[in-house]
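Please read the points below alongside the sequence and the coordinates.

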Protein chains: 2
Amino acid sequence: MNNSQTDKPFILVSNDDGIFSPGIKALAEVAAEFGDVYIVAPDREQSAVGHAITVQVPLRSSKFTVSDKFEGEAVNGTPADCVKLAHGQLLDHKPDLIVSGINHGSNAGINVLYSGTVSAATEGTILGYPSIAVSCTDFDENANLNACKESARRVIRFVLEKGLPKGITLNVNAASGEFKGIKWTRMADSRYVEEYEGRKDPFNRAYYWLTGKFELLDDGDDSDIHILKNDVASVTPIQYDLTAYDLLGDVEDEDLE
Amino acid sequence: MNNSQTDKPFILVSNDDGIFSPGIKALAEVAAEFGDVYIVAPDREQSAVGHAITVQVPLRSSKFTVSDKFEGEAVNGTPADCVKLAHGQLLDHKPDLIVSGINHGSNAGINVLYSGTVSAATEGTILGYPSIAVSCTDFDENANLNACKESARRVIRFVLEKGLPKGITLNVNAASGEFKGIKWTRMADSRYVEEYEGRKDPFNRAYYWLTGKFELLDDGDDSDIHILKNDVASVTPIQYDLTAYDLLGDVEDEDLE
């Protein structure tokens, strides 16, 4: 690798859309305003892989350059693999920050659970690095990423100045278009319904395409999805400790006889 | 499918080790003590896939029978796919409970995030079903699953009697061997370190095997991993709302300028 240490912050950039996505270039450009950038990202699209890691085949990495400007390595694995491999093998010195994205598609609400973009950032948090995921609610690869870039800029500045508590990842979402503000929010309760379209192949055997319609189950006006509807960007602190502490307090004296 | 409705609870069984694992048979046996069982599980091992879902290829399912006793369908997808497809296409009526496992390997501590077994149960929770994941801390496929089965039995009984609050999944872990008690716990803070073994192929190109050494970062004596060390089974309520509410309260007035 080639990430020689300077006095500037060292920022690792990853994503789940792969090294050729416009989103990773946009995020690397923002990160480069703050420090030295190195990219370690999947060599192909890895959307909806959640926090998958590769255990049954070995990983490989190949060097590449994005736009003759940002150096990095492409990995034949998932976003979480990329961050683990960067931390364990590819980087000569520890990053000050990990940023993942800009994802082409929303990672607000329940999407967080399926998101490779978020999992790269969460893996960074698990390994002890301040980590941020950034997503554009517009799936179009040619969407205007200005609001996302400005949101990323503000959140990166915040994290480099103030740090993040242990165990916390910041999940940023913004619409396409120009920046119209950013707010701290919570994750909206939501799910997918009417999820599959059944078809028959030429041999009359059934197969099913995932089609999935997003359903908001949340009446609040303070969730990420609500805020995004008003074209304001959202930043949601999320945690990898999944324990439901409130419920644990209620049930811990309940006997399991 | 063939899950005709009776007065008994209807229980969907899934896992991530695939339909041929001894663990799914063991869990189906326990579930059958409480109601009618139907299995929808991956057609091959899907360990460490996290909450991945299949979006780029269509899903197929094939009927099969486990031990001439439990009917089900094998799906060419992830554990979360199996639960989604069962809910959306394969089941004629809604299950009263979803159980996932018995996984061959621990899903305590940080393993929860990488676990396909837990993701099947979490997907059940997202879709509105009471859901339980069950794992054996012993990787050996021939491990004695008695403690796991007894733990599953107690937790299934608890959930069928008392239900579960919205958004909560129960994550059960037990050692191999005989049952020695079960306790409500929280998820231990932990991570994997020294994660890759670098090798060279015959053409002198580098590749990396994931080897990962588990590291407990948690001093408490009340975490799942601590309790399991004493051969007591753990049951941890986990939530899919990842919002870090405590932190959100602290930061929500912080300006992101």
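1. Two strands are taken to pair if DSSP finds at least two bridges between them, and strands (E, at least two residues) and helices (H or I, at least four) are DSSP runs numbered from the N terminus. This is a predicted model, in which local features need pLDDT of at least 70 and side-chain atom pairs count only at pLDDT 80 or more, while totals for chains, interfaces and linings use all residues. Residues are numbered from 1 along each chain as its sequence is written, with chains lettered from A and ligands numbered from 1 in the order in which they are written.

2. In chain B, 9 strands form an open sheet of mixed pairing, in the order β3-β4-β2-β1-β5-β6-β7-β13-β8. Its edges are β3 (61-66) and β8 (182-184), each of which pairs on one side only.

3. Within this sheet of chain B, β1 (residues 10-14) and β5 (residues 97-104) run parallel and share 4 bridges, and B:Leu12 is placed opposite B:Ile98 of β5(B).

4. Helix α2 (residues 79-90) of chain B packs on the sheet, touching β1, β2, β3, β4 and β5 of chain B, where contact requires C-beta atoms, placed from the backbone, within 7 Å.

5. Helix α4 (residues 116-126) of chain B lies across β1, β5, β6 and β7 of chain B.

6. Between the chains, 58 residues of chain B are in contact with 58 residues of chain A. On the chain B side, strand β13 (residues 233-239) gives the most, with 5 residues.

Key: Contact = placed C-beta atoms within 7 Å. Axes fitted to C-alpha atoms, helices over the stretch in contact; angles between N-to-C directions.
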